[in-house]
Amino acid sequence: MLSFITRRIAAAFGTLFLSSILVFLAVQALPGDVATQILGKDATPDAVAALRKQLKLDRPAWERYWDWVWGALHGDFGTSLVSGKAVGGEVSMYLGNSALIAIVTVLFAVTGSIVLGILAGLYRDRWPDHVISTVSLVGMSVPEFVVATVLVLCFSVALPWFPAVVLYGPDASVSQLLPAVWLPALALAVVMAAYIVRMARTSVIDVMATEYVTTARLKGLSTWRVVTRHALPSALLPTLHVIALNVAWLVGGVAVVENVFNYPGIGKLMLSSVQNRDLPTIQAIALISAVVYVVCNLAADLATMALNPRLRTRGRTR
Amino acid sequence: MSDIHHPGRRSVLAAGVASAAALGGSWLLTGCSGAEAAPVLPAAAAKGAPDRGGTLRIARPPASDAETLDPASSLSAYEYLGALYNRLVRVAANGELAPDLAESWETDAKARTWTFRLRKGVAFHNGRAFTSADAAYTLRHILDKATASPQAAVLAPLIDPEKLGTPDAHTLVVPLKSPNAEFPSLLTHYNCYVIPDGSAKSIGRTGIGTGPFKLESFAPAGPGRVTAYKDHFAGRPVLDAIAFYSVADMSARSNALLAGQVDLLSQTNLDFATARVVAASDRATIARVKNAQWYVLPMLTTEKPFTDVRVRQAMKLAYDPEHVVKVALQGAGTPGWDNPVPPNYPAYISAHPKHDPEKAKYLLKQAGHEGLAMDLYTSSYDPLFTPMALAYQDSAKRAGIRIKVKTASADSYYTQIWMKKPLMATYWFTGRPVDQLFTQIFRSGSSYNETAWSDKQFDAVLDKARAEIDDTKRRELYGEAQTLVIERGGAMTPMFADRLVGISRKVRGYAEHGFEFDYLNIGLKGA
């Protein structure tokens, strides 16, 4: 089991190394560079050349890559080419705001969708299942910005309960942001929940068909007890992975929703950095997203193993 | 870039996402009414006097994270400028010059030296009196290479910063390197707001000017606030304060208006679907800025086949601007007939060749380009680019011209497509004086000359006009310049479009034209 964990962690680092190269290359491939983007239409070729030199864009790519990775390993992501501030500080401020949305989203999505998924599984092919499955399928198919726009129309414009957009800057306090968190979180939860509902439903159906559940039932246990004691833990296992992947998706999917709500989070920072060709910021965000992805996957794998005796033993005998 | 694409440039942020969201939003909102329905849009905002006091909340698209309050900079936070500062001269609604900090101005017989008489008893927000030294300093600051002001390119060929004269505290003398009868009009640009002497280093943060509002707070690409300056020379503004919020996404801006979080969307030309939704709302409505922007299909005259003037003429004769206005603008605008001078300007001439697909066909045949096929580039940078391109495509078919409309990425549109592809869609703000319009956009070698058109006769007419101090004769010369642009130039100008501005139903006294916004008289009713 130890060797499995070691290999799994080594693979995670390999993935991160590869993604750092891909991130760097992808950012280089953006059309138009920061010098032309900063100077705009008025740029003279001289001014562009001077700015490129000042920003060290005239050096070979591998040199710049090495500097970047070396700095990032020491927690230094460079300075923003646009605002001139340290990228690390900027990114963590925006990331903090997004984390607020992410926490609320995960709470909404995970609790809500597991309950719904189990209900659908238990009432398989009866009307509660049909309703839940249809609604979750719709949620899965509709893009985030449509869900977000509908929510704004209902709960900001028609019923003025929540703000439609955030008018504060990135340095807003948690209490300032809190009223604006619910709609974006709900929009993300709707899209994210659909996958978890489907997964939980399938697991519950599978587990309920197993022999040990039949045995438990024959022993005369109530349905509720069978579900909570026996079915639920086994049904949760495969769902874990889906949840982990969805948390990772949040980092990227949040960009669209944050834009609709003008929420000062990491997604909005990413969009404006791409627009401004602010390379150090884009690279930092992309790398952090990669870390989140890898860590979520790793955590899901390890948790699955910890919870599943069969996987544990297989790891040992190998 | 800041100069021209003021509204669009800042709302580019994730234009794909934005337009998709707008589309999704407006589709949901308009239901099945469909795109072909005529716009049910009010012609003007509510009339009547505002109440005194109150805070107006404006949502604006941020210029960039590196925004500054230095008016001369290309990254200036545009909406703050007119509130905080004044210029020497401004543009009246009819396109004529009007006094601002300069009460009057005159030139010598050769239009080589200009003398400005400055307003007395004006004080900056920090209490210091405004004098000619501040006016001279402002010009030197614009011309300073370190400022990298877009307006420097326009003024540098005319002014030697060393030779500016300040014979007394209220007189500014500007000797020119070459005659220019239209020189004061160049000072109406929004980069020319007057700042205090010696303030270059701090002005980007302090925002100290003579304007109707003084700065309370400002964050680049973030929120900010200005409060009424009671000692302003034209009297106290109606409002107590203006709160500025930056909202990068266009549909987020209109949602904020619909939800009653803001009162006015600055630099936002709403698309028709959104405009209809806003106009139907209880809280908000639409105000129009007549002929606020002019739309162009520039043909790069240095690229084949547009090097041949007959092809350019054929491209112009081939399409019907009235059709484009009807289809792309749903009637909310004026046909351009390839003349970039706005119809309400004194120098405007109305003569133009008629739409003639047969003649276009004949010209193309003569030039050896029968059945011409071209790619026409657009993007979601502005909601009207693609409708205009499609309307042109449709209209030009009758002359046998086959146009393929290609959509490019919005955020790199002005670095990758503009002035690089032979045929594309773009637009400009109206509101620049006629000499500046021709000099910046049509004169040989100008950095904004988007068709790379170079015509010696045209340049000569411009030089002659600049040196002509007789107003009637100068107007005739600008008429001649228009004729040359229409007949030989590379720019097709299908239409002038009204800008659809989303405002709260409480707003009174909203007035905007070109780069001018009336900060003094705007206010709220029953706020």
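1. A salt bridge here is a side-chain nitrogen of Lys or Arg within 4 Å of a carboxyl oxygen of Asp or Glu. Asp134(B) is buried at 0% relative accessibility, while Arg128(B) is partly exposed at 37%. Buried stands for under 20% relative accessible area, exposed for over 50%, and partly exposed for what lies in between (1.4 Å probe, protein chains only).

2. Before going on, please keep in mind that this is a predicted model, where local features need pLDDT of at least 70, side-chain atom pairs count only at pLDDT 80 or more, and totals for chains, interfaces and linings use all residues. Residues are numbered from 1 along each chain as its sequence is written, chains are lettered from A and ligands numbered from 1 in the order in which they are written, and side-chain values use heavy atoms, with hydrogens and water left out.

3. Side chains of opposite charge can pair when their charged atoms come close. Over all chains, the count comes to 26 salt bridges. One of them joins Glu106(B) to Arg117(B), with 2.8 Å between the closest N and O atoms. Glu106(B) sits in strand β4 (residues 102-107) of chain B and Arg117(B) in strand β5 (residues 113-118) of chain B, so this pair ties together parts 11 residues apart in sequence. Strands (E, at least two residues) and helices (H or I, at least four) are DSSP runs, numbered from the N terminus. Glu106(B) is partly exposed at 35% relative accessibility, and Arg117(B) is partly exposed, also with 35%.

4. Two further charge pairings may interest you. Asp308(B) bridges to Arg310(B), the closest N and O atoms being 3.0 Å apart; Asp308(B) is buried at 17%, whereas Arg310(B) is partly exposed at 30%. Elsewhere, a network of salt bridges links Arg60(B), Glu67(B) and Glu79(B).

5. Now to the nonpolar interior. A nonpolar core is a set of buried Ala, Val, Leu, Ile, Met, Phe, Trp, Tyr and Cys residues joined through side-chain atoms within 4.5 Å. The largest such core has 164 residues, and Met315(B) and Phe438(B) have the most contacts inside it. Helix α8 (residues 174-208) of chain A gives the most to this core, with 15 residues. A second, separate core has 36 residues, including Leu56(B) and Ile522(B).

6. What does Met315(B) touch, leaving aside its neighbours within four places in sequence? Its contacts (heavy atoms within 4.5 Å) include Met299(B), Phe306(B), Leu372(B), Tyr392(B) and Met492(B).

7. On the aromatic side, the whole structure has 33 aromatic pairs over all chains. Rings of Phe, Tyr and Trp (its six-membered ring) pair if their centres lie within 6.5 Å; planes under 30 degrees apart count as stacked, over 60 as edge-to-face and the rest as tilted. Tyr85(B) and Tyr193(B) make a tilted pair, 6.2 Å centre to centre with 40° between the planes. Tyr85(B) is in the loop between α3 (78-84) and β2 (89-91) of chain B and Tyr193(B) in the loop between α6 (183-186) and α7 (203-206) of chain B, so the pair ties together parts 108 residues apart in sequence. Tyr85(B) is buried at 1%, and Tyr193(B) is buried at 6%.

8. Phe438(B) returns here: Phe438(B) and Tyr478(B) form a stacked pair, 6.5 Å centre to centre with 20° between the planes. Phe438(B) is buried at 0% and Tyr478(B) is buried at 2%.
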